[in-house]
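This report describes a protein model in terms of its strands, its salt bridges and its surface. Please consult the sequence and the structure shown below while reading.

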Amino acid sequence: MKFLPLFDRVLVERLVAETVTKGGIMLPEKSAGKVLQATVVAVGPGSVNPKGHVLPVSVKVGEKVLLPEYGGTKVSLDDKDYFLFRDADILGKYAE
């Protein structure tokens with residue numbers, strides 16, 4: 001995929017919702033809810049402050065992040081769904 005977000009935008013791919021519990025019970029898709037975890041696929045160069053300096057994005061490609069429940073822009077690339085968020089909208093990242 002050759003897509004580069006502009007400014008402080010971050011392109012993420014949401015993780016798939018679990019359909020089976022640890023006990024082996026199958027969950028219907030409607031009860032799974034929205035998955036708030038995602039993997040960063042691409043990041044922009046960063047935003048420009050009033051003095052003209054570029055402020056880098058706080059996440060890197062491959063990191064797992066926590067997203068807000070609402071927001072983001074859905075983007076379809078190569079028959080897959082991705083979401084674009086601003087760097088400031090991402091709630092946090094998971095330490096590995």
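## Basis and conventions

Helices (H or I, at least four residues) and strands (E, at least two) are DSSP runs, numbered from the N terminus. The model is predicted: local features need pLDDT of at least 70, side-chain atom pairs count only at pLDDT 80 or more, and totals for chains, interfaces and linings use all residues. Residues are numbered from 1 along each chain as its sequence is written, and side-chain values use heavy atoms, with hydrogens and water left out.

## Overall composition

The protein chain contains one helix and eight strands, arranged along the sequence as β-α-β-β-β-β-β-β-β. Of its 96 residues, 29% count as buried; buried means under 20% relative accessible area, exposed over 50%, and partly exposed in between (1.4 Å probe, protein chains only).

The accessible surface of the protein chain comes to about 7000 Å², and 58% of this belongs to carbon and sulfur atoms. Such areas come from the Shrake-Rupley method with a 1.4 Å probe; for residues, only the protein chains shown count as cover. Among contacts (heavy atoms within 4.5 Å) with a separation of 6 or more, 63% involve residues 24 or more positions apart.

## The six-stranded sheet

Six strands form an open sheet in the order β6-β7-β1-β2-β5-β8, with antiparallel pairing. The edges are held by β6 (73–77) and β8 (92–93), each with a single partner strand, so one side of each is left without a neighbour in the sheet. Two strands are taken to pair if DSSP finds at least two bridges between them.

Strand β1 (residues 9–14) runs antiparallel to strand β7 (residues 80–86), and four bridges join them; valine 12 stands opposite phenylalanine 83 in β7.

## The β6–β7 hairpin and positive phi values

β6 and β7 form a hairpin with two residues between them. Aspartate 78, in the loop between these strands, has a positive phi of about 50 degrees although it is not a glycine. Its relative accessible area of 62% makes aspartate 78 exposed. Phenylalanine 7, in the segment before β1, likewise has a positive phi, near 50 degrees. Most residues other than glycine have a negative phi.

## Salt bridges

The structure holds five salt bridges, each defined as a side-chain nitrogen of Lys or Arg within 4 Å of a carboxyl oxygen of Asp or Glu. One of them joins arginine 86 and aspartate 8 (3.4 Å, N to O). Arginine 86 lies in strand β7 and aspartate 8 in the segment before β1, so the pair ties together parts that are 78 residues apart in sequence. Arginine 86 is partly exposed at 39% relative accessibility, whereas aspartate 8 is buried at 14%. Asp8, Arg9 and Arg86 are linked in a network of salt bridges.

Glutamate 63 and lysine 93 form another salt bridge, their closest N and O atoms being 3.6 Å apart. This pair links glutamate 63, in the loop between β4 (54–55) and β5, with lysine 93 in strand β8, 30 residues apart. Glutamate 63 is buried at 18% relative accessibility, while lysine 93 is partly exposed at 46%.
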